Amino acid sequence: MQTLIERNLTAFACLLSAGAAVIALNFPWTTFLSTILVWTALRAPKDFGFGHLVNIPSSRTISDAVYEGLWAAVAIVVGATVLFEGITAVVWASN
């Protein structure tokens, strides 16, 4: 039973990842800004953020959390874009 659940969760995680990548491609600014917001909320110090509730270590300052969130957002948007542009190039080249 555990193996069946693990396979289903893996498939569900893959579907969520694919959906997130599609959203990142169709709405890059929304993805960019929401990633910064969520990352900042999770990594902000205990007085401001809520990451400590789910055992995520806090940054020293809010500025550090925002800086990390900025780079996380850049990585997500650029990574999804490069991935799908690469797939598109391969599909076009094969036709």
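Tutor: A residue is called buried when its relative accessible area is under 20%, exposed when that area is over 50%, and partly exposed in between (1.4 Å probe, protein chains only). The model discussed here is predicted, so local features need pLDDT of at least 70 and side-chain atom pairs count only at pLDDT 80 or more, whereas totals for chains, interfaces and linings use all residues. Residues are numbered from 1 along each chain as its sequence is written, and side-chain values use heavy atoms, with hydrogens and water left out.

Student: Which residues of helix 3 are buried?

Tutor: Helices are DSSP runs of H or I with at least four residues, and they are numbered from the N terminus, just as strands (E, at least two) are. In helix 3, the buried residues are Ala-65, Gly-69, Ala-72, Ala-73, Val-77 and Ala-80.

Student: How far apart are the end C-alpha atoms of helix 3?

Tutor: The expected span of a helix is 1.5 Å times one less than its number of residues. For the 33 residues of helix 3 this gives 48 Å, which agrees with the distance between the end C-alpha atoms, namely 48 Å.

Student: How many degrees around the axis of helix 2 do its buried residues cover?

Tutor: The buried residues of helix 2 are Thr-31, Phe-32, Thr-35, Ile-36, Thr-40 and Arg-43. They lie on the same side of helix 2, because the arc that they cover around the axis is only 155 degrees. This arc is that of the directions from the helix axis to the C-beta atoms. The face turned away from this buried side carries the exposed residues Thr-30, Leu-33 and Leu-37, while the arc of the buried ones remains 155 degrees.

Student: Which residues does Thr-40 touch, not counting residues up to four places away in sequence?

Tutor: Thr-40 is found in helix 2 and is buried, with a relative accessible area of 14%. Contact means heavy atoms within 4.5 Å, and, leaving aside residues up to four places away in sequence, Thr-40 touches Ile-62, Ala-65 and Val-66.
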